[in-house]
Amino acid sequence: MHELGIAQNILEIVQQSVPEEQAPLVKWIKMRVGPLSGIVADSLDFCFSVIIGDTKMSQARLAIEQAPIVSRCKSCMHEFKIEDLAFLCPVCKSANLELISGKELEIVEIELIDENDEAL
Ligand SMILES: [Zn+2]
């Protein structure tokens, strides 16, 4: 399963970014995933929740935001969101497009539990 490898990568990145003593405080890992990344968000979420089970950040969850597919027409420079995978410029009908967004698979932010909040 492709998503399992990605989930392991995410875990490694988070472990490298967050000091070990703060690992139990990791609450949300905010991700941006484009539809053209080939990643199924639910599947990634599931794989991640399985592999963190025996780590110090077992309470961490992924917050996956779907990035839009955005393209620029190379003929008329119009920028537009692609719906229903229709890869044609709505203005001039050219298929000569450049992909600006849609393949993202990135960690946007790692959010820790605020210890002051926890105390309340
Ligand atoms: Zn165009």
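I shall discuss the metal site and then one glutamate.

This is a predicted model, in which local features need pLDDT of at least 70 and side-chain atom pairs count only at pLDDT 80 or more, while totals for chains, interfaces and linings use all residues. Residues are numbered from 1 along each chain as its sequence is written, and side-chain values use heavy atoms, with hydrogens and water left out.

The zinc ion has as its protein donors the SG atoms of Cys-73, Cys-76, Cys-89 and Cys-92, which lie 2.3 Å from it. Donors here are N, O and S atoms within 2.8 Å of the metal (3.2 Å for Na, K and Ca); water is not among the atoms, so sites may look incomplete. Along the chain, the donors of the zinc ion follow the spacing C-x2-C-x12-C-x2-C. Cys-76 and Cys-89 link distant parts of the chain, 13 residues apart.

Is Cys-89 buried or exposed? Cys-89 counts as buried because its relative accessibility is 1%, whereas Cys-76, at 33%, counts as partly exposed. Buried means under 20% relative accessible area, exposed over 50%, and partly exposed in between, with a 1.4 Å probe and protein chains only.

I turn now to Glu-104, which counts as buried at 14% relative accessibility. The C-alpha atoms of Glu-104 and Ala-67 are separated by 7.2 Å, although these residues are 37 apart along the chain.

Terms used. Helices (H or I, at least four residues) and strands (E, at least two) are DSSP runs, numbered from the N terminus.
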